[in-house]
Amino acid sequence: MSSLCWLHLSDIHFRPSTEWSDATARDALLEHLRDTISKRGLAIDLIFCTGDIAFGELRGQPLAGQYALAQSFFDELRQVCGDLPAERVFVVPGNHDVNRNAVDPHAQAHWNALASDAPGHASRINQEFAANSGSANFALKRIAEYGDFVRAAFPHQQAPTGHHHYAQVVDIRGCKVGIGGFNSAWTCAGPEDDRNLWLAAEAQFNHMRTVLAPANLRIGLIHHPHDWFNVAERSIIETRQQHDFDFWLHGHTHDLKVRP
């Protein structure tokens, strides 16, 4: 294969109340893509969106309505990108994809307390996440609406275990491209997230490594940069992303940066 071309989007934040402004910016993006793809003769192979697809549960603007706008946009985007099939689109959840009304404040205080002594609790949390049991299972319910959106729009990436992460190998013109979608949103709640987040890094990276072993090229997708996680998770993420993946795409920071 001579080349691989993907489109990476992030932090779109769909919400009905700002459609009067946001739709104009998105239309300009689509027009720019039409023009660029046509002039350069590009063939888009994959579309990635690294989280914050929605804005979050708001009074009178439920997440379901925000994801309905998102699905319409992705349908048009796929058409602009050469009628790309839905199976070539991969998304991950971000902190704004969390329904904060579903977050129990006492349980969240417990997660933050565990983060303050992260090395002492990492093994148990990885075990609970891997088994989808205990407090991890309860925490995952905060992204239930995101899960409904994925089931409707991109069922190929829906994890049957309910973890909202996935690993897939896609054959593109003879190249086996491994795509690992990480769930960094499952303990997100609000301003206290910074330096307190849990990924269950070992559980998620080990899952990806097993499934993506046959791939020639591996691309990791995640919403948060590694420095948003607690100290125990941070070091694992920074090491494993460099060792296990050829490309590591994230969102959240709202700026454009490429690090070799």
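This is a predicted model: local features need pLDDT of at least 70, side-chain atom pairs count only at pLDDT 80 or more; totals for chains, interfaces and linings use all residues.
Strand S4 and strand S5 (residues 175–181) are paired in the antiparallel sense over seven bridges, and within this pairing Gly 180 of S5 is the bridge partner of Ala 167. S4 and S5 belong to an open sheet of four strands, arranged in the order S4-S5-S6-S7 with mixed pairing. At its edges are strand S4 (166–172) and strand S7 (247–249), each of which pairs on one side only, and from one strand to the next the twist averages 20°. Helix H7 packs on this sheet, where H7 touches S4, S5 and S7 and its direction makes about 30° with that of S4.

Two packed helices are described by the angle between their axes and the distance between the axes. For helix H4 (residues 118–131) and helix H7 (residues 201–211), the axes come within 7 Å and cross at roughly 50°, and the two helices are therefore oblique to each other. On the H4 side the contact involves Asn 126, Phe 129 and Ala 130, which meet Ala 201, Glu 202, Ala 203 and Gln 204 in H7; by class, this contact has four nonpolar, two polar and one charged residues.

Another open sheet has three strands in the order S1-S2-S3, and its pairing is parallel. Strand S1 (6–9) and strand S3 (89–91) stand at the edges with a single partner strand each, so one side of each is left without a neighbour in the sheet. The twist here averages 15° from one strand to the next. S1 pairs with strand S2 (residues 46–49) in the parallel sense over four bridges, and Leu 9 stands opposite Cys 49 in S2.

Note on methods: Residues are numbered from 1 along each chain as its sequence is written. Side-chain values use heavy atoms; hydrogens and water are left out. Two strands pair if DSSP finds at least two bridges between them. Axes are lines fitted to C-alpha atoms, for helices over the stretch in contact, and angles run from 0 to 180 degrees between N-to-C directions. Angles under 35 degrees count as roughly parallel, over 145 as roughly antiparallel, 65 to 115 as roughly perpendicular and the rest as oblique. Contact means heavy atoms within 4.5 Å. Ala, Val, Leu, Ile, Met, Phe, Trp, Tyr, Cys and Pro count as nonpolar, Asp, Glu, Lys and Arg as charged, and the others, Gly among them, as polar.
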